[in-house]
Amino acid sequence: MNVKTRWARLADAKEIANLFKKPAIRKYFGKNEYSYRHIKRWIGYYPKMKTVAIVDGRVVGFISLYQYMFNYMTGYEHIGLFDIAVDSRYQGKGVGSSLVKFAIKHFKKKGFKKIEICVEKNNKKAIGFFESLGFKKEGMLRKHHDKDGKFVDDILMGMLL
Ligand SMILES: CC(C)(COP(=O)(O)OP(=O)(O)OC[C@H]1O[C@@H](n2cnc3c(N)ncnc32)[C@H](O)[C@@H]1OP(=O)(O)O)[C@@H](O)C(=O)NCCC(=O)NCCS
């Protein structure tokens, strides 16, 4: 299977939003996260932070890159973060790893020193996936993610660059 990764364009926003509407993906994100409006706005503001995986001309995966920022706190600017989702019909075929490798390359090129990801404690598949790519478990963050009013525990995973 030929997987191409590239920066997301505004024209991809609808397909990305549709990806996040699929129940297999939706269950890991709150219902307002990655809505069409949200995605379109973020691609517009930060075109080189959102990346898509394309197979046969269609969006089958998405990775959203962020820089760690605690508003006025300094000392964390070297940390990159991301969220990732791959259409379940294309999972297990290397799409997710292509996207993460794209993110690692970008963060390294920009001088970041570390990547952190928060993975829902029960998301064993994603935890195994990130470990296979070299991320290490760093701890548990209790009631860390507000998922539509339900606070869920996350595993913090990290990779030093
Ligand atoms: C996690 C996710 C992004 C992985 O994407 P994917 O395209 O299926 O991943 P890949 O096919 O690239 O898998 C790469 C490696 O992960 C490893 N892996 C995958 N699932 C695994 C599991 N359950 N346990 C251990 N390792 C696993 C495999 O070893 C695979 O390596 P291989 O190709 O050498 O066999 C995808 O399952 C997904 O979108 N899940 C729903 C959303 C989500 O959980 N996002 C993470 C929240 S931050």
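1. Helices (H or I, at least four residues) and strands (E, at least two) are taken as DSSP runs, numbered from the N terminus. The model is predicted: local features need pLDDT of at least 70, side-chain atom pairs count only at pLDDT 80 or more, and totals for chains, interfaces and linings use all residues. Residue numbers start from 1 along each chain as its sequence is written.

2. Helix α5 makes the greatest contribution to the shell around the ligand, with five residues. At least two shell residues come from each of β4 (79–86), α4 (95–109), β5 (114–120) and α5 (124–132).

3. Around the ligand there are 21 residues, of which Val86, Gln91, Gly96, Ser97 and Gly128 come nearest; a residue is near a molecule if its C-beta atom, placed from the backbone, lies within 6 Å of it.

4. Helices α1 (residues 13–21) and α3 (residues 36–45) pack with their axes 9 Å apart, at an angle of about 135 degrees. Axes are lines fitted to C-alpha atoms over the stretch in contact, and angles run from 0 to 180 degrees between N-to-C directions. The two helices, α1 and α3, are therefore oblique to each other; angles under 35 degrees count as roughly parallel, over 145 as roughly antiparallel, 65 to 115 as roughly perpendicular and the rest as oblique.

5. Tyr34 is not a glycine, yet has a positive phi of about 60 degrees. Tyr34 counts as buried, because it has 22 C-beta neighbours inside 10 Å (buried: 20 or more other C-beta atoms within 10 Å of its own; exposed: 12 or fewer; partly exposed: in between; C-beta atoms are placed from the backbone).
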